[in-house]
Amino acid sequence: MTHQTFLDGIRPFQDKIFRFAKRLLLSSDEAEDVSQDILMKLWQQRNTMETIKNWEAYAMTLTKNLCYDRLKAKSSDNISLSHITYQAENEISLQKQVEARDLLEQVKNIINGLSEQQRMIMQLRDIEQYEFEEIEKITGIKEATIRVILSRARKTIRESLRGELTTKIEQTRVY
């Protein structure tokens, strides 16, 4: 395999590798290291790449496994979802900006409370827009199970937000 053929095969999903690693590791520097490691592994395996049907799924699986290895090495008990930022446009009022930031912070906190598996599935499906079949190849989890995990994660977020909204409404009532 030539260098150019390799680059042409990897380039379309190179950014996805970085974003996925960043979402799992919560650090741009670590995600960059993992991305480079994955590209090196793929380059070292370039002569056997013809046997792999889906390079992207293979690369994402390698990324997931390497990220998990790094997280296990850290033995960090407090893994949180990467920082979600929101930039309000100028025409939105200050009050709406504050409300939007509060809501985003609430969603971030709820997502942080999800299991690592739920966060990973949400990342792949809702953010990276992978199809269920692709997620199955990447994670090794059956499609039906992926759908259940995703449904439960979304339900948890929805119910938590509903509960917090109800609490806020009750607190603002004047008796």
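This is a predicted model: local features need pLDDT of at least 70, side-chain atom pairs count only at pLDDT 80 or more; totals for chains, interfaces and linings use all residues.
Local features need pLDDT of at least 70, side-chain atom pairs count only at pLDDT 80 or more, and totals for chains, interfaces and linings use all residues. Residues are numbered from 1 along each chain as its sequence is written, and side-chain values use heavy atoms, leaving out hydrogens and water.

**The core**

A nonpolar core is a set of buried Ala, Val, Leu, Ile, Met, Phe, Trp, Tyr and Cys residues joined through side-chain atoms within 4.5 Å. Buried means under 20% relative accessible area, exposed over 50%, and partly exposed in between (1.4 Å probe, protein chains only). The largest such core here has 42 residues. Those with the most contacts inside it are Ile10, Val34, Ile38, Leu42, Met60, Ile121 and Leu124. At least two core residues come from each of helices 1 to 8, among them helix 4 (55-74) and helix 6 (116-127). Helices are DSSP runs (H or I, at least four residues), numbered from the N terminus. Helix 4 gives the largest share, nine residues. Domain 1 (1-81) and domain 2 (95-174) each supply at least three residues to this core. These bounds come from an automatic or database domain assignment.

**Helix 4 and helix 6**

Two packed helices are described by the angle between their axes and the distance between the axes. The axes of helix 4 and helix 6 come within 14 Å and cross at roughly 145°. Axes are lines fitted to C-alpha atoms, for helices over the stretch in contact, and angles run from 0 to 180 degrees between N-to-C directions. Met60, Lys64, Tyr68 and Leu71 in helix 4 meet Glu116, Met120 and Leu124 in helix 6. Contact means heavy atoms within 4.5 Å. The residues of this contact divide into five nonpolar, no polar and two charged.

**Gln118 and Arg154**

Gln118 is found in helix 6. Arg154 lies in helix 8. Is Gln118 buried or exposed? Gln118 counts as buried, because its relative accessibility is 16%. Arg154, at 35%, is partly exposed.

The table lists contacts, leaving aside neighbours within four places in sequence.

| Residue | Residues in contact (heavy atoms within 4.5 Å) |
|---|---|
| Ile10 | Leu39, Leu42, Trp55 |
| Gln118 | Ile149, Arg152, Ala153 |
| Arg154 | Arg125, Asp126 |

Notes
Ala, Val, Leu, Ile, Met, Phe, Trp, Tyr, Cys and Pro count as nonpolar, Asp, Glu, Lys and Arg as charged, and the others, Gly among them, as polar.
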